[in-house]
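Subject: Structure handover

Hello,

Please find the structure below, followed by notes on what was found in it. Keep the view open while you read.

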Amino acid sequence: MRRLLPVPPDDETLDTLDALADAYAYPLPRPGRGAVLRANMVASLDGAAWHDGASGPLSSAADMRIFGVLRALADAIVVGAQTVRAEGYRPAKAREAFQRRRAALGQAPAAAIAVVSSGLDLDFSAPLFTAAVVPTLLLTGAGADPGRVRAARAAGAEVVVAGDGALADPGAVVRELAARGLTRLLAEGGPRLLGQFAAAGELDELCLTVAPVLCAGGAPRIVTGPPLAVPDRMTAVGLLEEDGFLFTRYARTAH
């Protein structure tokens, strides 16, 4: 994997997991914030966030390698319920290659999966809830159905109220996770959830894989929802390449 940005002094390659982990190390939180929210998404050349309802057809071995590294660096992986259902989410794994790094930072052996859901319409018998190394978190609004809340807790999930209404509030999601010591956050979609984080000004970084394919069709972009009043400017801080795939990293521009 070649590094293109920051411009290396020579033809630098990142051939080890440690080198990739160093390249994607979390920055410090913005002033006044207790956490950093990073998103990781993949898109086709024509802007599709998935093909045939899933992101897998847009991925590659290199993309999955970075996907694994980003998960291994995170305290919590934040994802919407629809993505959990569509992608068949499972718990994050405790990977031996990252245990020393995680222990040095005071992290759990694996990242917690934090599912944002209003209806809690999830299969609580799935491994995401029954086989997690650390308990799965469910972030929802105060108006969530009490029966679903009880079922989630019976399955071993930790239910977190992050908003006064039926829906979880994006800012409250970040604050509640940070209050639990989960300060390195990785959002993996879907597009509607990322749209909510972007509209609330909560997204600090975007790691976007650009796949060298065309999809056409009606797939959404990686961020969907109402347009922002002013486009949110991001600054390019990293760019890698392998087999025609571009692995970009953008940080929120300081205002």
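In which loop does Ser 117 lie? Ser 117 lies in the loop between β4 and α5. Helices (H or I, at least four residues) and strands (E, at least two) are DSSP runs, numbered from the N terminus.

Before going on, two notes on the source. This is a predicted model, in which local features need pLDDT of at least 70 and side-chain atom pairs count only at pLDDT 80 or more, while totals for chains, interfaces and linings use all residues. Residues are numbered from 1 along each chain as its sequence is written, and side-chain values use heavy atoms, with hydrogens and water left out.

The whole protein

The protein has eight helices and 10 strands. Its C-alpha atoms fill a box of roughly 60 × 45 × 35 Å along the principal axes. The radius of gyration is 18 Å, which agrees with the value near 18 Å for a compact globule of 255 residues. That radius is taken over C-alpha atoms, and the globule rule is 2.2 Å times the number of residues to the power 0.38.

Of the 255 residues, 47% count as buried. Buried means under 20% relative accessible area, exposed means over 50%, and partly exposed is in between (1.4 Å probe, protein chains only). The protein exposes about 12,300 Å², and carbon and sulfur atoms supply 56% of that area. Accessible areas come from the Shrake-Rupley method with a 1.4 Å probe, and for residues only the protein chains shown count as cover.

Among contacts with a separation of 6 or more, 69% are between residues 24 or more positions apart. A contact means heavy atoms within 4.5 Å.

- Ser 117 is buried, with a relative accessible area of 6%.
- Thr 83 is found in helix α3 (residues 81-87) and is buried, at 14% relative accessible area.
- Gln 107 is in the loop between α4 (99-104) and β4, and is buried with a relative accessible area of 12%. Gln 107 and Arg 184 are 77 residues apart along the chain, and their C-alpha atoms are separated by 9.8 Å.

Backbone points to check in the view

Leu 120 has a positive phi of about 55 degrees although it is not a glycine, and Leu 120 is buried, with a relative accessible area of 0%. Asp 52, not a glycine either, also has a positive phi of about 55 degrees. Asp 52 is in the loop between β2 and α2 (61-73) and counts as exposed, at 74% relative accessibility.

There are cis peptide bonds to look at too. One runs from Leu 5 to Pro 6, with omega near -5 degrees; Pro 6 lies in the loop between β1 (2-5) and α1 (17-23). Another joins Gly 189 and Gly 190, with omega about 5 degrees. Gly 190 lies in the loop between β7 and α8.

Which residues of α8 are buried? They are Pro 191, Leu 193, Leu 194, Gly 195, Phe 197 and Ala 198. The cover over these residues includes β2 (36-44), β3 (76-80), β4 (112-116), α7 (170-179) and β7 (184-187). After α8 comes Gly 201, whose phi is positive, near 70 degrees.

The second largest pocket is lined by 18 residues, and Ala 198, Arg 221, Ile 222, Val 223 and Leu 228 lie nearest its centre. The elements that give two or more residues to this lining are α8 (191-199) and β8 (205-211). The lining divides into 11 nonpolar, four polar and three charged residues. Here Ala, Val, Leu, Ile, Met, Phe, Trp, Tyr, Cys and Pro count as nonpolar, Asp, Glu, Lys and Arg as charged, and the others, Gly among them, as polar.

About 480 Å³ of space lies in this pocket. On a 1 Å grid over the protein atoms alone, a pocket is an open set of points where a 1.4 Å probe fits, with protein on both sides within 12 Å along at least five of seven lines; lining residues have an atom within 4 Å of a point. Grid points are joined across faces, edges and corners, and a volume is the space filled by probe spheres set on the points.

Regards
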